[in-house]
Amino acid sequence: MNYAAIKRRDIANGIGVRVSLFVSGCTHHCKGCFNQEAQDFCYGEPFTPAVEDAILEDLAPSYVNGLTLLGGEPFEPENQRALLPFLKRVRARFPDKSIWAFSGYVYDTELLGESRGRCEVTDEMLSLIDVLVDGEFIEEQKDITLLFRGSANQRLIDLNATRAAGEVVLWQNPV
């Protein structure tokens, strides 16, 4: 897997100060995509153990709330397979920090059901994520007033509450 960028101190992609990893590769090709160059799976740099270690160090300060995965598309199967071992490391070292992920795939139909985004590691990867922003960016529904998402069709899903309830529970801003 390649990655397009790492934002070591990001306040735009989740609650608080976060480390954001922008993976490369996306098959959605949304009209008006804000990160079109990251659609190419070969774009950027290789996601190596040294890069993982650097991100873990970036997560260490107490003022960092957690990790956010964006893209590209973290839930492309090849990206999931590369991210899963890393997410396990993050959870083991920082059990109290949150993990957010953005995906063009719809949680309850495409990530839990048959789709090109579902593979043998999808369920385990989802089990490590606290908040999922799902749904493709739809330029005609673009709304810059929305919190942590670009278009009105996208949802912020509290995956911990969703797992407990057995149905989709939307994330509520604690502020």
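The model is predicted.

Salt bridges were examined across the whole structure, and 12 were found. Three of them are described here in turn, together with the accessibility of the residues that form them.

Glu 140 pairs with Lys 31. The closest N and O atoms of this bridge are 3.0 Å apart. The two residues come from distant parts of the chain, 109 residues apart. Glu 140 belongs to the loop between β6 (131-134) and β7 (155-158). Lys 31 belongs to the loop between β2 (17-23) and β3 (45-46). Glu 140 has a relative accessible area of 60% and is exposed. Lys 31 is exposed as well, with a value of 54%. Both count as exposed because their relative accessible areas, 60% for Glu 140 and 54% for Lys 31, are over 50%.

The pair is part of a wider arrangement. Lys 31, Glu 139 and Glu 140 are linked in a network of salt bridges. Contacts of Lys 31 beyond four places in sequence are with Phe 137, Glu 139 and Glu 140. A separation along the chain was also computed for this lysine. Ala 5 is 26 residues from Lys 31 in sequence, and the C-alpha atoms of the two are separated by 21 Å.

Asp 53 forms a salt bridge with Arg 89, with 2.7 Å between the closest N and O atoms. Asp 53 sits in helix α1 (residues 49-59), and Arg 89 sits in helix α2 (residues 77-93). The pair links distant parts of the chain, 36 residues apart. Asp 53 is partly exposed, at 37% relative accessibility. Arg 89 is partly exposed too, with a relative accessible area of 32%.

The partner of Arg 81 is Glu 120, and their closest N and O atoms are 2.7 Å apart. Glu 120 is exposed, with a relative accessible area of 60%. Arg 81 is partly exposed, at 40%.

The largest nonpolar core has 34 residues. Within this core, Leu 21, Ile 55, Leu 59, Leu 67 and Phe 75 touch the most other members. Several helices and strands contribute. At least two residues each come from β1 (2-10), β2, α1, β4 (64-70), α2, β5 (98-103), α3 and α4. Helix α2 gives the most, with 5 residues.

Leaving aside residues up to four places away in sequence, its contacts include Ala 101, Ser 103 and Tyr 105. Phe 75 also touches Gln 80, Leu 111 and Gly 117. Another core, of 9 residues, lies apart from the largest one. Among the residues of this other core are Val 131, Phe 148, Leu 156 and Trp 171.

The largest pocket was described by its volume and its lining. The space in this pocket is about 700 Å³. Its lining is made of 33 residues. Phe 34, Phe 102, Phe 137, Gly 150 and Gln 154 lie nearest the pocket centre. By class, the lining holds 14 nonpolar, 13 polar and 6 charged residues. Phe 137, one of the residues nearest the centre, is also a contact of Lys 31.

Most residues other than glycine have a negative phi, and most peptide bonds are trans. The peptide bond from Gly 71 to Gly 72 is cis, with omega near 20°. Gly 72 lies in the loop between β4 and α2. His 29 is not a glycine, yet has a positive phi of about 55°. This histidine is in the loop between β2 and β3, where Lys 31 is also placed. Phe 148 likewise has a positive phi, of about 60°, without being a glycine. The loop between β6 and β7 holds Phe 148. Phe 148 counts as buried because its relative accessibility, 14%, is under 20%.

Key:
Residues are numbered from 1 along each chain as its sequence is written. This is a predicted model: local features need pLDDT of at least 70, side-chain atom pairs count only at pLDDT 80 or more; totals for chains, interfaces and linings use all residues. Side-chain values use heavy atoms; hydrogens and water are left out. A salt bridge is a side-chain nitrogen of Lys or Arg within 4 Å of a carboxyl oxygen of Asp or Glu. Helices (H or I, at least four residues) and strands (E, at least two) are DSSP runs, numbered from the N terminus. Buried means under 20% relative accessible area, exposed over 50%, partly exposed in between (1.4 Å probe, protein chains only). A nonpolar core is a set of buried Ala, Val, Leu, Ile, Met, Phe, Trp, Tyr and Cys residues joined through side-chain atoms within 4.5 Å. Contact means heavy atoms within 4.5 Å. On a 1 Å grid over the protein atoms alone, a cavity is a set of points where a 1.4 Å probe fits but cannot get out, and a pocket is an open set with protein on both sides within 12 Å along at least five of seven lines; lining residues have an atom within 4 Å of a point. Grid points are joined across faces, edges and corners, and a volume is the space filled by probe spheres set on the points. Ala, Val, Leu, Ile, Met, Phe, Trp, Tyr, Cys and Pro count as nonpolar, Asp, Glu, Lys and Arg as charged, and the others, Gly among them, as polar.
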